[in-house]
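Please brief me on the side-chain contacts in this model. Group the points by topic and give the cut-offs for each term.

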Amino acid sequence: QVQLVESGGGLVQAGGSLRLSCTASGIIFSLNAMGWYRQAPGKGRDLVARIFGGGTTNYADSVKGRFTISRDNAKNTVFLQMNSLKPEDTGVYYCHTRHGIDRWGEGILVTVSS
């Protein structure tokens with residue numbers, strides 16, 4: 001079955017950096033678009049960044065220039081490098097792909113203190 005396992009979250013001060021990782025199994029990873037979504041407290045789940053199999057990337061306007069999504073197809077892993085973090089980046093970050101239906105990781109908490 002499809003599994004997405006996130007790691008790398010935690011507590012960081014504003015201006016700091018974190019790197020999230022998501023390792024996938026049960027899919028042909030190199031062919032799948034992979035994404036990171038964020039759910040802030042009391043809000044919906046929004047796309048943060050996405051990377052397609054060929055390497056094309058999309059970013060939410062709020063993170064452009066600060067976040068970088070990348071992938072290592074040999075390791076079935078997608079990364080989200082988050083720099084210059086702001087308190088408004090706080091939330092649960094979910095790894096996502098589509099394999100027949102939407103597939104989600106369990107989510108990982110990122111807290112940015114001011």
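Is Trp104 buried, partly exposed or exposed? Trp104 counts as partly exposed, at 32% relative accessibility, where buried means under 20% relative accessible area, exposed over 50%, and partly exposed in between (1.4 Å probe, protein chains only). This is a predicted model, in which local features need pLDDT of at least 70 and side-chain atom pairs count only at pLDDT 80 or more, while totals for chains, interfaces and linings use all residues. Residues are numbered from 1 along each chain as its sequence is written, and side-chain values use heavy atoms, with hydrogens and water left out.

**Aromatic rings**

- Two aromatic pairs are counted, a pair being rings of Phe, Tyr and Trp (its six-membered ring) with centres within 6.5 Å; planes under 30 degrees apart count as stacked, over 60 as edge-to-face and the rest as tilted.
- Tyr37 and Trp104 pair edge-to-face, with 5.0 Å between centres and 75 degrees between the planes.
- This pair links distant parts of the chain, since Tyr37 is in strand E4 and Trp104 in strand E10 (residues 101–104), 67 residues apart; helices (H or I, at least four residues) and strands (E, at least two) are DSSP runs, numbered from the N terminus.
- Tyr37 is buried, at 16% relative accessible area.
- Tyr94 and Trp104 are also edge-to-face, at 6.3 Å centre to centre and 85 degrees between the planes.
- Tyr94 belongs to strand E9 and Trp104 to strand E10, 10 residues apart.
- Tyr94 is buried, with a relative accessible area of 12%.
- Ring pairs join Tyr37, Tyr94 and Trp104 into a cluster.

**Charge over rings**

- The charged end of Arg45 sits over the ring of Tyr94, 3.6 Å from its centre; the rule requires NZ of Lys or CZ of Arg within 6 Å of the ring centre and within 35 degrees of the ring normal.
- The charged end of Arg45 also sits over the ring of Trp104, 4.6 Å from that ring's centre.

**Salt bridges**

- The whole structure has four salt bridges, each a side-chain nitrogen of Lys or Arg within 4 Å of a carboxyl oxygen of Asp or Glu.
- Asp89 bridges to Arg38, with the closest N and O atoms 3.1 Å apart.
- Asp89 lies in the loop between strand E8 (77–82) and E9 and Arg38 in strand E4 (residues 34–39), so the pair ties together parts 51 residues apart in sequence.
- Asp89 is buried at 1% relative accessible area, and Arg38 counts as buried at 13%.
- Arg66 and Asp89 form another salt bridge, 2.8 Å from N to O.
- Arg66 is in the loop between strand E6 (57–59) and strand E7 (67–72), 23 residues from Asp89.
- Arg66 is buried, as is Asp89.
- Shared partners join Arg38, Arg66 and Asp89 into one network of salt bridges.
- Asp102 forms a salt bridge with Arg98, the closest N and O atoms lying 2.9 Å apart.
- Asp102 is partly exposed, at 38% relative accessibility.

**Disulfide**

- There is one disulfide, defined as a pair of cysteine sulfur atoms within 2.5 Å.
- The disulfide joins Cys22 and Cys95, with 2.1 Å between the sulfur atoms.
- Cys22 lies in strand E3 (residues 18–25) and Cys95 in strand E9 (residues 91–99), 73 residues apart.
- The link of Cys22 and Cys95 is left-handed, with -80 degrees about the S-S bond.
- Cys22 and Cys95 are both buried.

**Backbone**

- Asn76, in the loop between E7 and E8, has a positive phi near 50 degrees although it is a residue other than glycine.
- Ser84, in the loop between E8 and E9, likewise has a positive phi near 50 degrees.
- Asn76 is partly exposed at 24% relative accessibility, and Ser84 is partly exposed at 40% relative accessible area.
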